[in-house]
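The exercises below concern a predicted model. Please study the sequence and the structure before reading the solutions.

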Amino acid sequence: MIEFVNVTKKFGDFTAVEDISFKVEPSSIYGLIGYNGAGKTTLLKTAAGIYRAEGGKVLLDGENTYDNDNKRRDLFYIPDDLYFPMNANVMSMAKFYADYHPDFSFKTLEKLLEVYGLDGKKKIRGFSKGMQRQAEIILALASRPKYLLLDETFDGLDPQKKEITKKLFIEYMAETEASLIISSHNLSELSDLCDNVGLINGKKLTMDCSVYDISQNYSKFRLIFDRQITENDFKDIQYKSLEIDGRVAMIIFEKNADEQRHKLNALLPMAIDEYRLTMEEVFLNEMEEKKYDITKIFE
Amino acid sequence: MTSQKSLNNVNRNDFVRSLKESLLFPVIAFIVLFFTMTAPVISYVTSEDFLMQTVHNEISVFLTDTSSFYYMFAEIVPAGMVACGMLTAAKSFYYLVSKKQVNVFLSLGVKRNTMLKNRILSAVITLFTAVFVPMVIIYITNIVNFGMSAHLTRVFLYVTLMLFVCGLTGFALASMMFMVSGNIFEAAFSTIALSLTPFLAFEMIDGLSHGWLKGYIYTAKFTRLVDSFNPWTMATNLQNDYTGEDEGFVNVTKLLRPLIGSGAENYKIPEHFNVDMGFFLPVICWLVVALVVIGATFYLYNRRKAEHANSLGKFSVSRAVIGTAAFVLVAWFLVSALSGSCNLFLLFLAIVVASFIAYAVVQLVLVRKFKTAFKSFKWYGVLVAVTALCLITIGTGIFGTYNKIPDIKEVKSVSVSTNELEAFPHYINTYDNSENFVESSTEENKKMVLELFELLKNEKTVYNGEWAGEATLAIRDNDGKLKYRRFAMYREETYRKYLELVYGSDFIDAIFKNYLIDDIPDDPTNDSSGYFKKYFWQYSDSDMLLKADAPFVAIEDVDGLGEALYKDLSAMSVEQLLKNNEKPVCILASGYEGMDFLGEVPMLTESKIYPIDKEGNILYDKDYKEETAFIPAEYGLLHEYIPVYKNMTNTLEFLKTNDCITDEKQLTIKEVLYTDSFINHNLASYKFVELNADKNERTAHSYTLHYPAVETKTFEQLAYGLYHNQEIGYFIDETMTEYELLKKVYKDIGHPLKSVTDTEKAQEIFDNTVSRYMYLGDQGRFVYVVYEEGPIVCYYLPEANMNILK
């Protein structure tokens with residue numbers, strides 16, 4: 001289990017993340033969501049023991065990860081910015097990681113190379129960006145870590161490789177009971193992979209729940225009226241967001257969907273349809289981003 | 001849970017990897033050392049020349065035959081090892097300054113301290129192996145061919161340890177700076193800054209002392225101190241002057257190339273390269289420094305924040321180190337440029353302003369933010385405070401302690417420089433980085449030197465002023481500790497007083513006795529006794545003054561000559577010693593043993609006179625080739641001249657008895673030239689050269705110099721006659737005679753020579769001239785006497801005799 005306990009990380013006077021706590025159980029994949037620069041990478045590097053937290057700690061099965069050689073041997077961190085020495089190939093990198101990960105499996109490595117169709121003896125620096133990322137994923141999985149930290153791992157992968165990778169992660173998690181944390185700003189990548197997601201916004205973890213809970217907690221309705229409507233018509237309704245386009249209104253509720261539906265019916269719409277919210281929509285709603293009027297920029 | 005065994009394996013694997021990682025530069029060092037040192041030794045002992053030798057009982061070429069191509073490597077190898085250590089550190093710790101590598105290495109399952117330990121241990125092993133293997137091969141080769149020797153073992157240990165410590169020091173300094181640097185450039189700059197700053201600081205203190213600490217004298221000890229704070233030179237130069245100047249300074253480069261200047265029979269490590277603790281001490285000191293720095297590296301490594309990888313100016317330590325280097329560099333430059341030309345307060349202001357600019361620029365380049373740069377100025381304040389303290393310390397003569405005159409009861413012996421005795425080798429009793437001086441322990445001389453000390457310490461400094469003279473004192477206390485002080489004398493009255501004190505005392509007699517009578521001691525390196533007997537002496541009659549091809553006659557009984565000279569010189573008055581109005585009747589010339597001047601004229605073909613400044617330094621610019629410019633200096637070292645006057649009856653008698661003196665020849669005066677100004681040949685040359693600076697005619701004065709024109713002292717010293725007798729002027733005009741050139745020089749500088757062709761008048765002027773004269777405050781004239789036979793000789797007409805020109 002990976003456990004973040006009130007983690008605060010500062011860079012000089014700047015606080016990157018503040019008082020963040022969440023857990024990643026064994027045999028689970030945790031999606032870490034947030035804008036660019038929200039602090040996802042900072043959290044992962046703190047978990048990997050690269051950064052020392054100014055407050056709180058990250059525990060790997062109860063032990064602090066910072067400068068913990070014992071626990072970190074079971075940890076693998078795939079950064080966003082990959083490092084391969086000059087002239088390195090997958091095999092030489094495998095030997096490198098095998099020196100530091102006692103459970104490294106060359107058998108697994110060979111199988112994974114076959115799955116991805118990579119030549120283990122070719123220079124990695126000659127690979128495309130996506131292929132380099134595949135190489136790193138192969139090396140990570142062959143290292144057989146208990147804790148796998150993945151930073152924007154799907155960047156640069158083609159759709160087919162993304163699917164393969166997702167399946168591999170799920171298979172690996174199921175097989176080894178590993179804990180995985182995947183950070184991304186692309187929610188569609190995580191929705192069918194993660195068990196739980198955490199949303200970092202404004203230095204804090206503003207949401208930490210299971211993917212199932214997200215679909216349960218949010219309700220989205222499309223209402224069609226026979227008349228022009230305004231925001232004023234919805235003044236007695238507590239909604240998360242509302243968009244009106246003539247006689248059509250899109251409204252999102254957080255929790256108590258049944259009670260709200262009752263109130264919507266009281267507005268006498270011609271039609272009312274309920275949708276399940278995508279994670280992306282949840283993400284956008286949660287971030288409460290400042291809305292700009294971009295329609296007049298190019299006038 | 002990961003087992004202990006796998007933990008050990010991982011740590012071991014990390015060590016093996018770091019060992020491989022640190023190999024590159026030590027391997028290069030190994031190759032260089034092997035091919036520049038080991039291979040030549042093996043090549044020598046297997047050569048036909050060597051195998052033909054019948055006696056092989058000496059330690060042969062320890063490192064290299066310096067007559068070979070490898071000669072130059074001896075100079076750069078120690079510094080190269082420092083660089084090798086630094087580059088090894090860069091290779092070992094680059095992962096800390098690369099953002100990509102930090103992500104990989106710091107997330108690996110190895111404790112940070114273990115990772116650091118592995119890299120340091122790897123570097124130590126590789127650096128040591130790179131040095132040890134080639135050196136031990138040389139050592140074994142020597143033992144096999146010449147047998148074991150304690151001396152050889154010490155040399156082997158010293159050279160091995162020295163080269164290794166050079167590498168280790170470079171590695172330690174660079175490693176520490178990597179811990180406090182964001183990127184490779186910051187690490188490189190801060191490492192260089194750290195390695196040079198202490199050296200520059202000590203150079204600055206030396207410069208300050210030279211310019212503003214009364215009585216300060218640069219000694220070999222200070223050289224060693226300065227060099228000992230510089231990792232680049234600590235091993236190369238630390239042993240300079242170790243065995244005294246006369247034996248040639250011994251340093252490690254001489255150990256590396258023992259054949260410099262030696263004959264082929266000296267294929268051995270000279271025994272006087274006494275490799276004792278004096279050699280080992282600096283190396284051991286630097287070993288300790290390296291270990292302390294490595295300790296600091298651990299501390300800084302554990303405090304280092306990984307997020308600063310690939311950044312610039314994030315670490316206050318490296319900002320302070322680079323800022324300090326900029327500060328010290330500027331201060332050192334100002335101290336050097338302004339030495340002796342302004343008071344300390346002005347110097348301090350100049351340092352504060354200039355270093356502020358330098359420091360601010362460095363900080364802004366590093367942090368690129370005014371606010372952060374401003375915070376760094378706390379350290380600047382510390383530097384200014386330290387500088388102020390340093391200046392106050394020097395300005396007050398170390399709070400009055402530096403020139404505190406000791407009680408006469410505490411004084412065991414004294415000595416004082418006697419540079420004014422130009423007839424003698426000028427390095428006697430001059431204290432230049434050596435302890436070769438004559439000491440006297442008589443009460444009279446003690447009083448004299450202490451009185452002189454009082455006089456000189458109270459002499460007011462005249463910034464930008466000309467010196468009337470310079471004197472060095474040495475006072476040895478009852479514990480044997482020596483106090484050296486060197487003072488400039490700005491006022492003529494101080495200088496006169498100094499001359500009266502020194503030359504009126506019996507100290508001069510002690511000098512003459514020591515120089516002329518005493519025997520050469522067993523250990524000549526630390527004793528100036530018997531200098532006269534180290535030379536072989538030759539005689540030339542007065543024709544030497546006039547003819548280039550005048551032959552020398554060798555004198556076999558040097559002891560007898562010394563005794564005769566001693567009798568004459570010790571009987572002379574102060575006036576005669578310093579201001580001899582007589583013209584010499586003959587000269588005695590010396591050469592080092594081994595140089596055969598017999599039957600030859602000690603002339604310096606193609607030599608040139610160069611413009612000199614008021615302190616006698618040769619001035620030359622890019623038009624002069626270095627080797628040419630130094631010819632006169634070498635010549636001066638190889639020859640000493642003693643003029644013999646009519647009143648030196650004992651010497652003249654000795655020369656007659658030894659069949660040296662032949663009939664004097666009388667030459668006929670044709671013309672006398674003089675100018676309207678007190679200006680000597682050197683000043684004329686100097687001004688002339690300035691006039692022709694753009695015409696590539698700086699080497700106009702080309703002729704061979706003989707006695708006593710070789711020595712061209714300026715204001716504070718004696719006026720010598722100047723002699724010309726050689727092809728001249730080919731740089732200006734191939735056809736121009738010396739006579740024409742002389743007139744041209746003085747005409748071009750605005751002081752045309754006046755001519756007296758009336759032979760009676762010319763003779764009268766000549767009779768009133770002197771060949772040597774102490775012209776302190778004397779505004780006489782330099783007179784060129786042109787002889788019918790060709791030569792032109794320069795004499796001095798004292799001011800008192802100038803009526804003769806009317």
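**Exercise 1.** Describe how helix α7 and helix α8 of chain B pack, and decide which class of angle applies.

*Solution.* Step one is to recall what has to be reported. Two packed helices are described by the angle between their axes and the distance between those axes.

Step two is to locate the helices and read off both values. Helix α7(B) covers residues 150-179 and helix α8(B) covers residues 184-212; the angle is about 130°, and the axes lie 9 Å apart.

Step three is to classify the angle. Angles over 145 degrees count as roughly antiparallel and 65 to 115 as roughly perpendicular, while the rest between these ranges are oblique. The angle of about 130° therefore makes α7(B) oblique to α8(B). The crossing of these two helices is right-handed.

Step four is to list the residues in contact. Helix α7(B) contributes B:Leu173, B:Ala174, B:Met177 and B:Phe178, and helix α8(B) contributes B:Ala187, B:Ser190, B:Thr191, B:Leu194 and B:Ser195. Sorted by class, this contact of α7(B) with α8(B) has six nonpolar and three polar residues, with no charged ones.

**Exercise 2.** Determine how many residues each chain gives to the contact of chain A with chain B, and which elements of chain A take part.

*Solution.* First, count by chain: 19 residues come from chain A and 24 residues from chain B. Second, find the elements of chain A that give two or more residues to this side; they are α2 (69-72), β6 (75-78) and α3 (90-100). The largest share, three residues, is that of α2(A). Third, sort the chain A side by class: ten residues are nonpolar, two polar and seven charged.

**Exercise 3.** Identify the domains of chain A and describe the contact that domain 1 makes with domain 2.

*Solution.* Start with the bounds: domain 1 of chain A spans 2-202 and domain 2 spans 214-287. The centres of these two domains, taken over C-alpha atoms, are 38 Å apart. The contact takes eight residues from domain 1 and five residues from domain 2. On the domain 1 side, α7 (187-191) and β9 (196-201) of chain A each give two or more residues, and α7(A) has the largest share with four residues. By class, this side has five nonpolar, three polar and no charged residues.

Notes:
Residues numbered from 1 in each chain as written. Chains lettered and ligands numbered in written order. Predicted model: local features only at pLDDT ≥ 70, side-chain atom pairs only at ≥ 80, totals over all residues. Contact = placed C-beta atoms within 7 Å. Nonpolar A, V, L, I, M, F, W, Y, C, P; charged D, E, K, R; others polar. Axes fitted to C-alpha atoms, helices over the stretch in contact; angles between N-to-C directions. Parallel < 35°, antiparallel > 145°, perpendicular 65-115°, else oblique. Left-handed = near helix turned anticlockwise from the far one by under 90°. Domains from an automatic or database assignment.
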